[in-house]
Amino acid sequence: MYQPDFPTVPFRLGLYPVVDSVDWIARLLEAGVRTIQLRIKDKQDDEVEADIIAAIALGQRYNARLFINDYWRLAIKHGAYGVHLGQEDLEQTDLDAIRAAGLRLGVSTHDDMEIDVALAVRPSYIALGHVFPTQTKQMPSAPQGLEQLATHIARLGDTPTVAIGGISIARAPAVLATGVGSIAVVSAITQAPDWQAATAQLLQLAGAGDE
Ligand SMILES: Cc1ncc(COP(=O)(O)OP(=O)(O)O)c(N)n1
Ligand SMILES: Cc1ncsc1CCOP(=O)(O)O
Ligand SMILES: [Mg+2]
């Protein structure tokens, strides 16, 4: 049985949109999403604090799992549900402070070695990516593909997992068939011609996550 060193999350986090504004958080929570991330890049803490406060308030109002990407100090200060960090972020983070504050922690990984690093931290969930080519973030490595993803999922057993990177509606069923607990998406929703229809379809495929 996987025992995280941070508060647990359900194995099935379901559809997990990653968005860059409070407006998107509000829309998607209203549409039924229950796991979501605010990912604002390259701003100073004081430039994002108001958005983080607003996002956390929305998360609480909808009883949703709202993760803050990168800005772990502000996530602690304002009582977010959780924080998402990459491997480089981990080096500059006071993990004890996140743990002491009772926030969940998600950690990015791209290969077996990074999974080793993540497992040593014992986070609430492990993200695996990027599965397919993505236009949303510059990636230094090649996409891992479905086969590698399935190998990682088998290795991780009952550890809560999230797949990310290039996941479209068409690709979602094959990703979910690996047994991953959640699919994180950016462009499949934010660049969709009809984001409401896309969100409804993805929610149908992945669910909103377990309680
Ligand atoms: C669910 C999820 N998985 C991976 C990432 C990427 O995090 P990171 O590697 O720290 O890169 P940035 O998002 O900070 O550019 C994520 N944000 N969410
Ligand atoms: C933030 C992030 N981390 C790994 S891939 C990615 C972007 C995923 O975006 P998309 O779903 O549009 O490919
Ligand atoms: Mg990061």
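Q: Which residue in β2 stands opposite Val19?
A: Leu38 in β2 stands opposite Val19. This is a predicted model, where local features need pLDDT of at least 70 and side-chain atom pairs 80 or more, while totals for chains, interfaces and linings use all residues. Residues are numbered from 1 along each chain as written, chains are lettered from A and ligands numbered from 1 in written order, and side-chain values use heavy atoms, without hydrogens and water.

Q: How do β1 and β2 run, and how many bridges join them?
A: β1 (residues 14–19) and β2 run parallel, joined by 2 bridges; strands pair if DSSP finds at least two bridges between them. Strands are DSSP runs of E, at least two residues, and helices runs of H or I, at least four, numbered from the N terminus.

Q: What about β2 and β3?
A: They run parallel too, with 4 bridges. Ile36 has Leu66 in β3 as its bridge partner. The chain gets from β2 to β3 through helix α2 (residues 45–61), in a right-handed β-α-β crossover: with the strands pointing away from the viewer, the path from the first strand over the helix to the second runs clockwise.

Q: Which way do the β2 residues point?
A: Thr35 and Gln37 point one way, Ile36 and Leu38 the other, and all are buried (under 20% relative accessible area; exposed is over 50%, partly exposed in between; 1.4 Å probe, protein chains only).

Q: New topic. What are the protein donors of the magnesium ion?
A: Asp70 (OD) and Asp89 (OD), 2.1 to 2.3 Å from ligand 3. Donors are N, O and S atoms within 2.8 Å of the metal (3.2 Å for Na, K and Ca); water is not among the atoms, so sites may look incomplete.

Q: Where do the two sit in the chain?
A: Asp70 is in the loop between β3 (65–69) and α3 (72–78) and Asp89 is in helix α4 (residues 87–91), so the pair ties together parts 19 residues apart in sequence.

Q: Is Asp70 buried or exposed?
A: Buried, at 19% relative accessibility. Asp89 is partly exposed, at 23%.
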